[in-house]
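Dear colleague,

I am passing on the structure we talked about, and you will find it just below. My notes on what turned up in it follow, and I would be glad if you read them with the model open beside you.

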Amino acid sequence: MRNSFVELNGRERAIALLDQGSSQEFLGPFEELMSPYLMPQGIVPQSDDGVILMRGQLAGQEAIVISIEGDFQGGGIGEVSGAKIVAALGKALEENEAGNRVYPIIIFDTGGVRLQEANYGLLSISEIQNMIIALRGHVPVIGLVPGLVGSFGGMSITSAVTSYLIATNRARVGLNGPQVIEQEAGVREFDSSDQALIWDTIGVNQKAKTGLVDEVVEDDIATIRQTIEKVITNPPKNFRSRQLDRFLGLLEVIDFEAPLTPDQYADLFAKTTADKVFDYPLATAGAKDQSAGRGYTWFSRLTGIPHPTSPVPSVLAADVVQNGQQRRYLAVVPNQTNRFHRVRNGEVGLQEGFVLAKYIWQAIEEDKDTAEKRPIMLVIDVPSQAYGYKEELIGIHLALAASADAYATARQMGHPVIGLIVGNAISGAFLAHGLQSNRLIALDDKAINVQAMSKESAARVTLRTVEEIDAASAKVPAIAYDIRSFQKLGALYDLLTVDNADDPTEADVAKLLAKSQEAIDSLGDDATDLTFRYTNPQAVSFGRVETNKVRSRLDEVWQ
(Lines give C-alpha, C1' and ligand atoms only; values in the text may rest on other atoms or scores of the structure.)
Protein backbone atom coordinates (compact mmCIF):
# COMPACT_ATOMS: atom_id res chain seq x y z
CA MET A 1 0.00 0.00 0.00
CA ARG A 2 1.34 3.42 -0.99
CA ASN A 3 2.04 5.93 1.80
CA SER A 4 1.86 9.39 0.22
CA PHE A 5 4.70 11.78 0.98
CA VAL A 6 3.11 14.69 -0.89
CA GLU A 7 0.01 14.73 1.31
CA LEU A 8 2.04 15.20 4.50
CA ASN A 9 2.75 18.64 5.93
CA GLY A 10 6.27 19.99 6.17
CA ARG A 11 7.03 18.66 9.63
CA GLU A 12 5.54 15.24 8.89
CA ARG A 13 7.66 15.00 5.76
CA ALA A 14 10.87 15.67 7.69
CA ILE A 15 10.01 13.01 10.29
CA ALA A 16 8.98 10.50 7.60
CA LEU A 17 12.40 10.63 5.94
CA LEU A 18 14.31 9.86 9.13
CA ASP A 19 14.67 6.55 10.93
CA GLN A 20 11.87 6.01 13.41
CA GLY A 21 12.59 7.57 16.79
CA SER A 22 15.75 9.37 15.66
CA SER A 23 14.35 12.80 14.77
CA GLN A 24 15.15 15.90 16.78
CA GLU A 25 13.78 19.29 15.75
CA PHE A 26 15.79 22.48 16.13
CA LEU A 27 14.26 25.96 16.34
CA GLY A 28 10.74 24.56 16.34
CA PRO A 29 7.49 26.47 16.86
CA PHE A 30 7.92 26.84 20.61
CA GLU A 31 11.03 28.95 20.00
CA GLU A 32 8.69 31.48 18.33
CA LEU A 33 11.32 32.65 15.87
CA MET A 34 8.89 34.26 13.47
CA SER A 35 8.91 37.06 10.95
CA PRO A 36 8.32 40.52 12.44
CA TYR A 37 7.52 41.93 8.98
CA LEU A 38 4.19 40.24 8.30
CA MET A 39 1.93 41.69 11.00
CA PRO A 40 2.58 45.29 9.84
CA GLN A 41 1.25 44.13 6.45
CA GLY A 42 -1.86 42.51 7.93
CA ILE A 43 -0.53 38.94 7.55
CA VAL A 44 -0.56 36.42 10.39
CA PRO A 45 2.96 35.03 10.97
CA GLN A 46 3.80 31.41 11.80
CA SER A 47 5.85 30.46 14.83
CA ASP A 48 8.39 28.42 12.83
CA ASP A 49 8.28 30.81 9.84
CA GLY A 50 7.52 27.91 7.53
CA VAL A 51 10.84 26.06 7.79
CA ILE A 52 11.40 22.84 9.77
CA LEU A 53 14.91 21.71 10.78
CA MET A 54 14.99 18.04 11.75
CA ARG A 55 18.14 16.11 12.58
CA GLY A 56 18.31 12.34 12.84
CA GLN A 57 19.47 9.24 11.00
CA LEU A 58 18.50 7.97 7.58
CA ALA A 59 19.41 4.30 7.20
CA GLY A 60 21.80 4.84 10.09
CA GLN A 61 23.53 7.84 8.49
CA GLU A 62 23.46 11.25 10.19
CA ALA A 63 21.22 13.64 8.27
CA ILE A 64 19.70 17.09 8.60
CA VAL A 65 16.35 17.50 6.85
CA ILE A 66 15.33 21.05 5.94
CA SER A 67 11.65 21.06 5.05
CA ILE A 68 9.91 24.10 3.57
CA GLU A 69 6.21 24.30 4.41
CA GLY A 70 4.36 25.15 1.21
CA ASP A 71 1.13 25.87 3.06
CA PHE A 72 2.63 28.95 4.73
CA GLN A 73 3.02 31.89 2.36
CA GLY A 74 3.51 29.49 -0.53
CA GLY A 75 6.81 28.33 0.96
CA GLY A 76 8.26 31.79 0.33
CA ILE A 77 11.66 32.56 1.82
CA GLY A 78 11.99 35.54 4.16
CA GLU A 79 14.65 36.62 6.62
CA VAL A 80 13.89 34.18 9.46
CA SER A 81 13.11 31.15 7.29
CA GLY A 82 16.16 31.84 5.13
CA ALA A 83 18.39 32.29 8.18
CA LYS A 84 17.21 28.94 9.56
CA ILE A 85 18.17 27.17 6.34
CA VAL A 86 21.55 28.92 6.04
CA ALA A 87 22.42 28.33 9.69
CA ALA A 88 21.50 24.63 9.52
CA LEU A 89 23.55 24.12 6.37
CA GLY A 90 26.40 26.00 8.04
CA LYS A 91 26.30 23.62 11.00
CA ALA A 92 26.32 20.65 8.63
CA LEU A 93 29.33 22.14 6.86
CA GLU A 94 31.18 22.59 10.16
CA GLU A 95 30.54 18.95 11.07
CA ASN A 96 31.65 17.66 7.69
CA GLU A 97 34.79 19.77 7.80
CA ALA A 98 35.52 18.20 11.20
CA GLY A 99 35.18 14.72 9.70
CA ASN A 100 31.65 13.98 10.92
CA ARG A 101 29.46 13.14 7.93
CA VAL A 102 26.06 14.80 8.02
CA TYR A 103 23.92 14.54 4.88
CA PRO A 104 21.74 17.57 4.08
CA ILE A 105 18.32 16.93 2.51
CA ILE A 106 16.25 19.92 1.40
CA ILE A 107 12.53 19.54 0.72
CA PHE A 108 11.56 22.23 -1.81
CA ASP A 109 7.91 23.24 -1.63
CA THR A 110 8.40 26.89 -2.40
CA GLY A 111 7.49 29.73 -4.69
CA GLY A 112 10.89 31.35 -4.09
CA VAL A 113 11.23 34.77 -2.49
CA ARG A 114 8.53 35.73 0.00
CA LEU A 115 7.41 38.94 -1.69
CA GLN A 116 6.31 40.49 1.60
CA GLU A 117 10.02 40.44 2.58
CA ALA A 118 11.38 40.64 -0.94
CA ASN A 119 15.00 41.70 -0.58
CA TYR A 120 15.50 39.63 2.56
CA GLY A 121 14.42 36.69 0.43
CA LEU A 122 16.96 37.50 -2.29
CA LEU A 123 19.78 37.84 0.21
CA SER A 124 18.81 34.63 2.02
CA ILE A 125 18.49 32.58 -1.16
CA SER A 126 21.96 33.61 -2.33
CA GLU A 127 23.33 32.63 1.09
CA ILE A 128 21.59 29.24 0.89
CA GLN A 129 23.14 28.66 -2.54
CA ASN A 130 26.56 29.56 -1.18
CA MET A 131 26.27 26.99 1.62
CA ILE A 132 25.08 24.23 -0.73
CA ILE A 133 28.00 24.84 -3.09
CA ALA A 134 30.43 24.68 -0.16
CA LEU A 135 28.84 21.49 1.20
CA ARG A 136 28.88 19.65 -2.14
CA GLY A 137 32.61 19.21 -1.80
CA HIS A 138 32.06 17.03 1.26
CA VAL A 139 28.75 15.20 0.87
CA PRO A 140 25.93 15.14 -1.66
CA VAL A 141 23.32 17.79 -0.99
CA ILE A 142 20.05 16.11 -1.92
CA GLY A 143 17.04 18.09 -3.10
CA LEU A 144 13.48 16.75 -3.07
CA VAL A 145 10.48 18.39 -4.78
CA PRO A 146 7.29 16.64 -3.57
CA GLY A 147 4.62 18.62 -5.41
CA LEU A 148 1.75 20.93 -4.50
CA VAL A 149 3.72 24.20 -4.73
CA GLY A 150 6.80 22.90 -6.57
CA SER A 151 10.10 24.77 -6.74
CA PHE A 152 9.99 28.22 -8.30
CA GLY A 153 11.73 31.56 -8.38
CA GLY A 154 15.13 31.88 -6.75
CA MET A 155 14.64 28.53 -5.06
CA SER A 156 14.51 26.82 -8.46
CA ILE A 157 18.03 28.20 -8.95
CA THR A 158 18.87 26.76 -5.54
CA SER A 159 17.48 23.36 -6.51
CA ALA A 160 19.72 23.43 -9.59
CA VAL A 161 22.89 23.65 -7.46
CA THR A 162 22.01 20.61 -5.35
CA SER A 163 24.02 17.46 -6.01
CA TYR A 164 20.97 15.38 -6.90
CA LEU A 165 17.36 16.45 -7.41
CA ILE A 166 14.49 14.02 -6.83
CA ALA A 167 10.83 14.79 -7.56
CA THR A 168 7.48 13.07 -7.58
CA ASN A 169 5.43 13.30 -10.76
CA ARG A 170 3.14 15.80 -9.02
CA ALA A 171 5.88 18.45 -8.97
CA ARG A 172 6.86 21.39 -11.16
CA VAL A 173 10.17 23.24 -11.39
CA GLY A 174 10.75 26.59 -13.06
CA LEU A 175 12.21 30.02 -12.50
CA ASN A 176 9.27 32.16 -13.52
CA GLY A 177 5.76 31.13 -12.59
CA PRO A 178 3.19 31.11 -15.41
CA GLN A 179 1.38 34.18 -14.06
CA VAL A 180 4.62 36.16 -13.88
CA ILE A 181 5.63 35.25 -17.45
CA GLU A 182 2.19 36.28 -18.69
CA GLN A 183 2.40 39.57 -16.75
CA GLU A 184 5.90 40.40 -18.00
CA ALA A 185 5.82 39.02 -21.55
CA GLY A 186 2.16 38.75 -22.46
CA VAL A 187 -0.39 35.97 -22.88
CA ARG A 188 0.90 35.13 -26.37
CA GLU A 189 4.23 34.20 -24.80
CA PHE A 190 2.71 32.07 -22.04
CA ASP A 191 -0.95 31.51 -21.25
CA SER A 192 -1.13 30.94 -17.50
CA SER A 193 -4.59 29.37 -17.82
CA ASP A 194 -3.33 26.57 -20.11
CA GLN A 195 -2.68 23.71 -17.69
CA ALA A 196 -1.45 21.34 -20.40
CA LEU A 197 1.13 23.92 -21.52
CA ILE A 198 2.27 24.45 -17.94
CA TRP A 199 2.81 20.74 -17.21
CA ASP A 200 4.46 20.10 -20.59
CA THR A 201 6.87 22.97 -19.98
CA ILE A 202 7.72 22.89 -16.27
CA GLY A 203 6.38 19.53 -15.12
CA VAL A 204 9.14 17.29 -13.76
CA ASN A 205 8.65 14.49 -16.29
CA GLN A 206 9.76 16.94 -18.98
CA LYS A 207 12.55 18.27 -16.75
CA ALA A 208 13.85 14.73 -16.15
CA LYS A 209 14.10 14.18 -19.91
CA THR A 210 16.20 17.32 -20.30
CA GLY A 211 18.74 17.10 -17.49
CA LEU A 212 17.04 19.41 -14.99
CA VAL A 213 15.74 16.75 -12.57
CA ASP A 214 17.76 13.65 -11.81
CA GLU A 215 14.99 11.23 -10.92
CA VAL A 216 11.20 11.16 -10.82
CA VAL A 217 9.83 8.72 -8.26
CA GLU A 218 6.46 7.45 -7.09
CA ASP A 219 4.75 9.43 -4.34
CA ASP A 220 5.62 6.88 -1.69
CA ILE A 221 7.60 7.43 1.51
CA ALA A 222 9.52 4.14 1.30
CA THR A 223 10.46 4.73 -2.34
CA ILE A 224 11.70 8.24 -1.62
CA ARG A 225 13.76 7.04 1.34
CA GLN A 226 15.31 4.28 -0.78
CA THR A 227 16.19 6.78 -3.49
CA ILE A 228 17.92 9.06 -1.01
CA GLU A 229 19.82 6.08 0.46
CA LYS A 230 21.00 5.22 -3.06
CA VAL A 231 22.35 8.73 -3.58
CA ILE A 232 24.16 8.68 -0.23
CA THR A 233 25.75 5.34 -1.12
CA ASN A 234 26.66 6.34 -4.69
CA PRO A 235 27.00 10.13 -4.75
CA PRO A 236 26.99 11.88 -8.14
CA LYS A 237 30.36 12.95 -9.52
CA ASN A 238 29.16 15.76 -11.79
CA PHE A 239 26.96 18.75 -10.99
CA ARG A 240 24.38 19.93 -13.50
CA SER A 241 25.26 23.57 -12.80
CA ARG A 242 28.71 22.90 -14.29
CA GLN A 243 27.58 21.21 -17.50
CA LEU A 244 28.23 24.38 -19.47
CA ASP A 245 29.35 23.01 -22.81
CA ARG A 246 26.37 20.72 -23.27
CA PHE A 247 23.86 23.50 -22.76
CA LEU A 248 25.85 26.02 -24.78
CA GLY A 249 25.87 23.42 -27.57
CA LEU A 250 22.10 23.15 -27.35
CA LEU A 251 21.66 26.92 -27.53
CA GLU A 252 23.88 27.04 -30.58
CA VAL A 253 21.59 24.76 -32.63
CA ILE A 254 18.15 25.92 -31.44
CA ASP A 255 16.35 28.27 -33.80
CA PHE A 256 14.74 30.88 -31.54
CA GLU A 257 12.67 32.19 -34.43
CA ALA A 258 10.89 28.84 -34.89
CA PRO A 259 8.39 27.04 -32.64
CA LEU A 260 9.84 24.49 -30.24
CA THR A 261 7.63 21.87 -28.61
CA PRO A 262 8.56 20.03 -25.42
CA ASP A 263 8.94 16.77 -27.38
CA GLN A 264 11.18 18.44 -29.96
CA TYR A 265 13.40 19.86 -27.24
CA ALA A 266 13.59 16.53 -25.40
CA ASP A 267 14.68 14.82 -28.63
CA LEU A 268 17.27 17.51 -29.26
CA PHE A 269 18.62 17.23 -25.72
CA ALA A 270 18.99 13.46 -26.05
CA LYS A 271 21.09 13.88 -29.20
CA THR A 272 23.35 16.65 -27.84
CA THR A 273 26.68 15.95 -26.17
CA ALA A 274 29.37 18.12 -24.60
CA ASP A 275 31.93 17.27 -27.29
CA LYS A 276 32.43 20.88 -28.33
CA VAL A 277 34.30 23.00 -25.79
CA PHE A 278 33.27 26.63 -25.86
CA ASP A 279 35.95 29.23 -25.22
CA TYR A 280 35.20 32.94 -25.47
CA PRO A 281 37.82 35.67 -26.00
CA LEU A 282 37.80 38.78 -23.84
CA ALA A 283 36.31 42.09 -24.93
CA THR A 284 38.32 44.33 -27.22
CA ALA A 285 38.08 47.96 -28.33
CA GLY A 286 35.62 48.59 -31.14
CA ALA A 287 35.03 51.37 -33.64
CA LYS A 288 31.75 52.41 -32.03
CA ASP A 289 29.57 51.45 -29.08
CA GLN A 290 27.89 48.08 -29.57
CA SER A 291 25.52 48.65 -26.65
CA ALA A 292 24.11 51.33 -24.39
CA GLY A 293 23.08 51.77 -20.79
CA ARG A 294 24.91 52.19 -17.52
CA GLY A 295 26.40 48.72 -17.38
CA TYR A 296 28.05 49.19 -20.77
CA THR A 297 29.24 52.73 -20.01
CA TRP A 298 30.71 51.90 -16.61
CA PHE A 299 32.36 48.73 -17.93
CA SER A 300 34.08 50.82 -20.59
CA ARG A 301 35.19 53.56 -18.18
CA LEU A 302 36.35 51.18 -15.43
CA THR A 303 38.36 48.98 -17.79
CA GLY A 304 39.59 51.78 -20.05
CA ILE A 305 38.40 49.88 -23.14
CA PRO A 306 36.77 52.28 -25.65
CA HIS A 307 33.61 50.97 -27.34
CA PRO A 308 34.04 47.44 -25.90
CA THR A 309 32.95 44.67 -28.22
CA SER A 310 32.56 40.98 -27.49
CA PRO A 311 31.90 37.73 -29.41
CA VAL A 312 28.78 37.34 -27.26
CA PRO A 313 27.53 40.94 -27.44
CA SER A 314 25.41 40.73 -24.28
CA VAL A 315 28.32 39.61 -22.06
CA LEU A 316 31.52 41.61 -21.60
CA ALA A 317 34.67 40.34 -19.90
CA ALA A 318 38.08 41.97 -19.57
CA ASP A 319 41.31 41.57 -17.61
CA VAL A 320 42.79 44.86 -16.44
CA VAL A 321 45.79 45.57 -14.23
CA GLN A 322 44.89 48.09 -11.51
CA ASN A 323 46.97 48.92 -8.45
CA GLY A 324 49.51 46.35 -9.61
CA GLN A 325 46.94 43.56 -9.59
CA GLN A 326 45.07 41.92 -12.42
CA ARG A 327 41.29 42.11 -12.16
CA ARG A 328 38.60 40.43 -14.23
CA TYR A 329 35.60 42.64 -15.02
CA LEU A 330 32.26 41.19 -16.11
CA ALA A 331 29.02 42.80 -17.25
CA VAL A 332 25.71 41.87 -18.88
CA VAL A 333 24.57 44.55 -21.33
CA PRO A 334 21.72 45.19 -23.79
CA ASN A 335 21.94 43.89 -27.35
CA GLN A 336 19.03 44.97 -29.53
CA THR A 337 19.77 42.39 -32.24
CA ASN A 338 20.15 39.41 -29.90
CA ARG A 339 18.60 36.25 -31.37
CA PHE A 340 17.32 35.52 -27.87
CA HIS A 341 14.47 38.02 -27.98
CA ARG A 342 13.81 38.11 -24.26
CA VAL A 343 17.23 39.52 -23.32
CA ARG A 344 17.54 42.46 -25.70
CA ASN A 345 17.31 45.03 -22.90
CA GLY A 346 20.09 43.65 -20.71
CA GLU A 347 18.21 40.83 -19.02
CA VAL A 348 20.16 37.77 -17.89
CA GLY A 349 19.02 34.83 -20.00
CA LEU A 350 20.11 31.36 -21.01
CA GLN A 351 23.25 32.32 -22.91
CA GLU A 352 24.24 35.05 -20.46
CA GLY A 353 24.21 32.71 -17.46
CA PHE A 354 26.30 30.00 -19.11
CA VAL A 355 28.75 32.45 -20.75
CA LEU A 356 29.31 34.33 -17.48
CA ALA A 357 30.10 30.97 -15.88
CA LYS A 358 32.59 30.21 -18.67
CA TYR A 359 34.46 33.47 -18.09
CA ILE A 360 34.56 32.92 -14.32
CA TRP A 361 35.78 29.33 -14.61
CA GLN A 362 38.43 30.53 -17.04
CA ALA A 363 39.80 32.88 -14.35
CA ILE A 364 39.59 30.15 -11.70
CA GLU A 365 41.54 27.74 -13.89
CA GLU A 366 44.19 30.30 -14.81
CA ASP A 367 44.74 31.23 -11.15
CA LYS A 368 44.48 27.78 -9.59
CA ASP A 369 48.21 27.53 -8.83
CA THR A 370 48.71 31.15 -7.73
CA ALA A 371 48.75 32.26 -4.12
CA GLU A 372 46.98 35.53 -4.90
CA LYS A 373 43.77 35.14 -6.87
CA ARG A 374 42.63 37.96 -9.12
CA PRO A 375 39.58 39.91 -7.94
CA ILE A 376 36.44 39.39 -10.01
CA MET A 377 34.60 42.67 -10.49
CA LEU A 378 30.91 42.59 -11.39
CA VAL A 379 29.44 45.63 -13.12
CA ILE A 380 25.76 45.24 -12.23
CA ASP A 381 22.94 46.75 -14.28
CA VAL A 382 20.41 43.98 -14.83
CA PRO A 383 16.68 44.77 -15.21
CA SER A 384 15.58 41.15 -14.65
CA GLN A 385 16.00 37.61 -15.84
CA ALA A 386 14.49 36.68 -19.21
CA TYR A 387 10.77 35.84 -19.22
CA GLY A 388 9.81 33.41 -21.96
CA TYR A 389 8.37 30.03 -22.89
CA LYS A 390 11.59 28.72 -24.45
CA GLU A 391 13.60 29.97 -21.49
CA GLU A 392 11.47 27.93 -19.10
CA LEU A 393 11.43 24.89 -21.36
CA ILE A 394 15.22 24.82 -21.71
CA GLY A 395 15.85 25.75 -18.08
CA ILE A 396 16.79 29.36 -17.45
CA HIS A 397 17.01 28.56 -13.75
CA LEU A 398 19.95 26.27 -14.54
CA ALA A 399 21.69 28.97 -16.59
CA LEU A 400 21.45 31.36 -13.65
CA ALA A 401 22.59 28.60 -11.28
CA ALA A 402 25.65 28.07 -13.49
CA SER A 403 26.85 31.64 -13.00
CA ALA A 404 25.92 31.73 -9.30
CA ASP A 405 27.86 28.47 -8.82
CA ALA A 406 30.89 29.88 -10.63
CA TYR A 407 30.92 33.14 -8.66
CA ALA A 408 30.49 31.32 -5.33
CA THR A 409 33.20 28.80 -6.19
CA ALA A 410 35.60 31.57 -7.20
CA ARG A 411 35.04 33.33 -3.90
CA GLN A 412 35.37 30.12 -1.88
CA MET A 413 38.68 29.47 -3.66
CA GLY A 414 40.04 32.86 -2.66
CA HIS A 415 39.03 35.25 -5.44
CA PRO A 416 37.66 38.51 -4.05
CA VAL A 417 34.26 38.97 -5.72
CA ILE A 418 33.22 42.61 -5.70
CA GLY A 419 29.82 43.73 -7.00
CA LEU A 420 29.45 47.27 -8.34
CA ILE A 421 25.77 48.22 -8.56
CA VAL A 422 25.61 51.01 -11.15
CA GLY A 423 22.07 50.32 -12.37
CA ASN A 424 19.14 48.09 -11.53
CA ALA A 425 19.64 44.78 -9.72
CA ILE A 426 16.46 42.78 -10.06
CA SER A 427 15.34 39.27 -9.14
CA GLY A 428 17.01 36.16 -10.57
CA ALA A 429 19.36 38.32 -12.62
CA PHE A 430 20.81 39.73 -9.40
CA LEU A 431 21.10 36.23 -7.92
CA ALA A 432 23.05 35.17 -11.01
CA HIS A 433 25.17 38.30 -11.36
CA GLY A 434 25.78 40.08 -8.08
CA LEU A 435 24.59 38.38 -4.93
CA GLN A 436 27.51 35.97 -4.58
CA SER A 437 29.80 38.98 -4.03
CA ASN A 438 31.95 39.36 -0.90
CA ARG A 439 31.24 43.07 -1.02
CA LEU A 440 28.57 45.12 -2.77
CA ILE A 441 29.14 48.77 -3.57
CA ALA A 442 26.26 50.80 -5.02
CA LEU A 443 25.88 54.25 -6.51
CA ASP A 444 23.67 56.50 -4.40
CA ASP A 445 21.19 57.19 -7.17
CA LYS A 446 17.39 57.37 -7.15
CA ALA A 447 17.15 55.62 -10.51
CA ILE A 448 18.57 52.36 -9.10
CA ASN A 449 16.07 49.68 -8.08
CA VAL A 450 16.86 46.50 -6.17
CA GLN A 451 14.01 44.02 -5.86
CA ALA A 452 12.71 40.49 -6.37
CA MET A 453 10.02 41.35 -8.94
CA SER A 454 8.44 44.25 -10.78
CA LYS A 455 5.71 46.05 -8.83
CA GLU A 456 3.05 44.96 -11.31
CA SER A 457 3.95 41.27 -11.03
CA ALA A 458 4.35 41.48 -7.25
CA ALA A 459 0.90 43.05 -7.01
CA ARG A 460 -0.62 40.26 -9.10
CA VAL A 461 1.04 37.46 -7.14
CA THR A 462 0.30 38.92 -3.68
CA LEU A 463 -3.22 40.08 -4.60
CA ARG A 464 -2.42 43.69 -3.71
CA THR A 465 -2.39 46.93 -5.63
CA VAL A 466 0.81 48.74 -6.55
CA GLU A 467 -0.31 51.53 -4.20
CA GLU A 468 -0.65 49.04 -1.34
CA ILE A 469 2.88 47.73 -2.01
CA ASP A 470 4.24 51.29 -1.93
CA ALA A 471 2.45 51.94 1.38
CA ALA A 472 3.79 48.70 2.92
CA SER A 473 7.36 49.54 1.90
CA ALA A 474 7.27 52.54 4.26
CA LYS A 475 6.92 50.04 7.14
CA VAL A 476 9.14 47.26 5.75
CA PRO A 477 12.31 48.50 3.97
CA ALA A 478 12.93 45.01 2.55
CA ILE A 479 10.04 45.42 0.10
CA ALA A 480 11.05 48.91 -1.06
CA TYR A 481 12.75 49.31 -4.43
CA ASP A 482 15.22 52.15 -3.78
CA ILE A 483 18.90 51.61 -3.09
CA ARG A 484 18.86 53.46 0.25
CA SER A 485 16.28 51.05 1.61
CA PHE A 486 18.49 48.18 0.45
CA GLN A 487 21.39 49.75 2.31
CA LYS A 488 19.34 49.66 5.52
CA LEU A 489 19.41 45.86 5.39
CA GLY A 490 23.19 45.83 5.84
CA ALA A 491 23.73 44.39 2.37
CA LEU A 492 26.11 47.06 1.08
CA TYR A 493 29.76 47.71 1.81
CA ASP A 494 29.16 51.33 0.88
CA LEU A 495 26.84 53.71 -0.94
CA LEU A 496 28.82 56.01 -3.20
CA THR A 497 27.84 59.47 -4.41
CA VAL A 498 28.96 60.39 -7.93
CA ASP A 499 28.35 63.42 -10.11
CA ASN A 500 26.86 61.59 -13.08
CA ALA A 501 25.73 57.98 -12.85
CA ASP A 502 24.70 57.85 -16.53
CA ASP A 503 27.85 59.45 -17.97
CA PRO A 504 30.52 59.17 -15.27
CA THR A 505 33.33 61.69 -15.10
CA GLU A 506 36.97 60.75 -14.59
CA ALA A 507 36.54 61.71 -10.95
CA ASP A 508 33.49 59.43 -10.65
CA VAL A 509 35.42 56.51 -12.10
CA ALA A 510 38.42 57.20 -9.86
CA LYS A 511 36.12 57.31 -6.83
CA LEU A 512 34.56 53.90 -7.63
CA LEU A 513 37.97 52.37 -8.35
CA ALA A 514 39.30 53.65 -5.01
CA LYS A 515 36.26 52.30 -3.16
CA SER A 516 36.68 48.96 -4.95
CA GLN A 517 40.27 48.73 -3.76
CA GLU A 518 39.16 49.61 -0.25
CA ALA A 519 36.59 46.80 -0.39
CA ILE A 520 39.22 44.30 -1.56
CA ASP A 521 41.59 45.41 1.21
CA SER A 522 38.80 45.02 3.79
CA LEU A 523 38.57 41.28 3.25
CA GLY A 524 39.84 39.37 6.24
CA ASP A 525 38.56 36.23 7.88
CA ASP A 526 35.41 36.58 5.77
CA ALA A 527 37.35 36.57 2.51
CA THR A 528 35.69 33.43 1.16
CA ASP A 529 32.16 33.69 2.59
CA LEU A 530 29.16 36.03 2.83
CA THR A 531 29.15 36.67 6.60
CA PHE A 532 29.90 40.38 6.18
CA ARG A 533 26.23 40.86 5.29
CA TYR A 534 25.03 40.08 8.78
CA THR A 535 28.09 41.04 10.86
CA ASN A 536 28.68 44.64 9.74
CA PRO A 537 27.42 47.40 12.07
CA GLN A 538 24.33 48.25 9.99
CA ALA A 539 23.32 44.60 9.80
CA VAL A 540 23.86 43.98 13.51
CA SER A 541 22.00 47.09 14.66
CA PHE A 542 19.07 46.98 12.24
CA GLY A 543 19.28 45.10 8.96
CA ARG A 544 19.86 41.48 10.00
CA VAL A 545 18.81 41.41 13.65
CA GLU A 546 16.50 38.42 13.11
CA THR A 547 19.19 36.56 11.16
CA ASN A 548 21.61 36.93 14.03
CA LYS A 549 18.98 35.79 16.54
CA VAL A 550 18.44 32.61 14.54
CA ARG A 551 22.15 31.92 14.19
CA SER A 552 22.84 32.53 17.86
CA ARG A 553 20.02 30.28 19.00
CA LEU A 554 21.03 27.42 16.68
CA ASP A 555 24.59 27.69 18.03
CA GLU A 556 23.16 27.09 21.51
CA VAL A 557 20.97 24.08 20.73
CA TRP A 558 22.77 22.26 17.89
CA GLN A 559 24.00 18.79 18.82
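A salt bridge, as the term is used here, is a side-chain nitrogen of Lys or Arg within 4 Å of a carboxyl oxygen of Asp or Glu. By that rule, the count between domain 1 and domain 2 is 2 salt bridges. Please bear in mind throughout that this is a predicted model.

To set out the parts, the domain assignment of the protein chain gives domain 1 as 10-237 and domain 2 as 245-453 + 491-521. Between these two domains the contact takes 38 residues from domain 1 and 38 residues from domain 2, while their centres, taken over C-alpha atoms, are separated by 27 Å. Together, domain 1 and domain 2 bury about 3,200 Å² between them, and 66% of that area is on carbon and sulfur atoms.

As for the polar side of this interface, 13 residue pairs are found in polar contact across domain 1 and domain 2, with both residues at pLDDT 80 or more. On the side of domain 1 that touches domain 2, the elements giving two or more residues include helix 3 (118-135), helix 5 (178-185) and helix 6 (195-202), and the largest share, 10 residues, comes from helix 3.

If neighbours within four places in sequence are left aside, phenylalanine 486 is in contact with Asn119, Leu123, Phe430, Leu440, Val450, Ala491 and Leu492.

Leucine 27, which is not a glycine, has a positive phi near 55°, and it lies in the loop between strand 1 (24-26) and strand 2 (51-58). Asparagine 323, also not a glycine, has a positive phi of about 55°, and it is found in the loop between strand 12 (315-322) and strand 13 (325-332). Is each of these residues, leucine 27 and asparagine 323, buried or exposed? Leucine 27 counts as buried because its relative accessibility is 2%, under the 20% cut-off, whereas asparagine 323 is exposed because its relative accessible area is 61%, over the 50% cut-off.

With best wishes

Methods
Residues numbered from 1 in each chain as written. Predicted model: local features only at pLDDT ≥ 70, side-chain atom pairs only at ≥ 80, totals over all residues. Heavy atoms only, no water. Contact = heavy atoms within 4.5 Å. Domains from an automatic or database assignment. Buried area = accessible area lost by both parts, 1.4 Å probe. Polar contact = N/O pair within 3.5 Å; in protein donor to acceptor, adjacent residues only side chain to side chain. Helix = DSSP H or I, 4+ residues; strand = E, 2+ residues; numbered from the N terminus. Buried < 20%, exposed > 50% of the residue type's maximum accessible area, 1.4 Å probe, protein only.
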